[in-house]
Amino acid sequence: MTPEKLYEILSAYAVSQGIRLNKDKPFVMDIMQGLLTNGARYGYRSCPCRLAWGVKDKDADIICPCVYRDPDIKEYGSCFCGLYVSIPWNEDKIEHRQVPERRPKEKRAT
Amino acid sequence: MPSEKPQIKLYTLSTCSHCMRTKRFFKEHGIDTDTVDVDLLTGEERERIMNEVRKLNPDCSFPTICIDDDVIVGFNEDKLRKALGIT
């Protein structure tokens, strides 16, 4: 799997969900590479913006798309990582702000 | 611009796009940093570094940027410019 191929797949997937990938392609391609790196490292594509435990059961909530994506998009227009965004976010109709970490503290890797 | 060179420590993940932007920002401005990719650490070393991160940023999110006594969480170019005196 190449970053470009993953981009194509996830872009189509985002559209099917009524959302989009961030229009900042270089930024998104860094995320593609991060997902592929985590996939090779852990055997699953955990969120590249979060520290993983490396144990699938403990990282289940942050396997991309993480369980926090939808509430984050609903509240901020973007997921924590900035990969998945709403259409208004991509059209600059809502403020682009830093998305706070929604993952409960007790679940975060140490 | 502060007269003395600030001490800058970056706690980052090697896979994180916000961390990559942060690293690029410092590189593009020719500013030296002490950078650690926490996801590449294991065992006691990772534990020790995560204890440092927790003290600076209880959320333990990345990047955590330490510029002398200032802590900036996440990539925020405006905050970085202000902290570094870059116009």
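**Entry 1: B:Asp70**

I looked up B:Asp70 and found it partly exposed, because 14 other C-beta atoms lie within 10 Å. (A residue is buried with 20 or more other C-beta atoms within 10 Å of its own, exposed with 12 or fewer, and partly exposed in between; C-beta atoms are placed from the backbone.) This is a predicted model, where local features need pLDDT of at least 70, side-chain atom pairs count only at pLDDT 80 or more, and totals for chains, interfaces and linings use all residues. Residues are numbered from 1 along each chain as its sequence is written, while chains are lettered from A and ligands numbered from 1 in the order in which they are written.

B:Asp70 sits in strand β4 (residues 70–73) of chain B. (Helices are DSSP runs of H or I with at least four residues, strands are runs of E with at least two, and both are numbered from the N terminus.) From B:Asp70 to B:Ala83 I count 13 residues in sequence, and their C-alpha atoms are 7.6 Å apart in space.

**Entry 2: strands of chain B**

I followed β4(B) to its partner: β3(B) and β4(B) run antiparallel and are joined by four bridges. (Two strands pair if DSSP finds at least two bridges between them.) B:Cys66 has B:Val71 in β4(B) as its bridge partner. The hairpin of these strands has two residues between them, and B:Asp68 there takes a positive phi near 50 degrees.

Strand β3 (residues 64–67) of chain B also pairs with strand β1 (residues 8–12) of chain B, antiparallel, over four bridges. There B:Leu10 has B:Ile65 as its bridge partner.

**Entry 3: two helices of chain A**

I checked how helix α1 (residues 3–16) and helix α2 (residues 25–42) of chain A pack: the angle is about 105 degrees and the axes are 9 Å apart. (Axes are lines fitted to C-alpha atoms, for helices over the stretch in contact, and angles run from 0 to 180 degrees between N-to-C directions.) Therefore α1(A) is roughly perpendicular to α2(A), a term for angles of 65 to 115 degrees.

From α1(A), A:Pro3, A:Leu6 and A:Tyr7 meet residues of α2(A), including A:Val28 and A:Met32. (Contact means that C-beta atoms, placed from the backbone, lie within 7 Å.)

The 18 residues of α2(A) should span 26 Å at 1.5 Å a residue, and the end C-alpha atoms are 25 Å apart, which agrees. Among the buried residues of α2(A) I noted A:Ile31, A:Gly34 and A:Asn38. Their cover includes α1 and β1 (20–21) of chain A together with α1 (17–28) of chain B. After α2(A) comes A:Gly43, with a positive phi near 90 degrees.

Terms used:
Parallel < 35°, antiparallel > 145°, perpendicular 65-115°, else oblique. Contact = placed C-beta atoms within 7 Å. Expected span 1.5 Å × (residues − 1).
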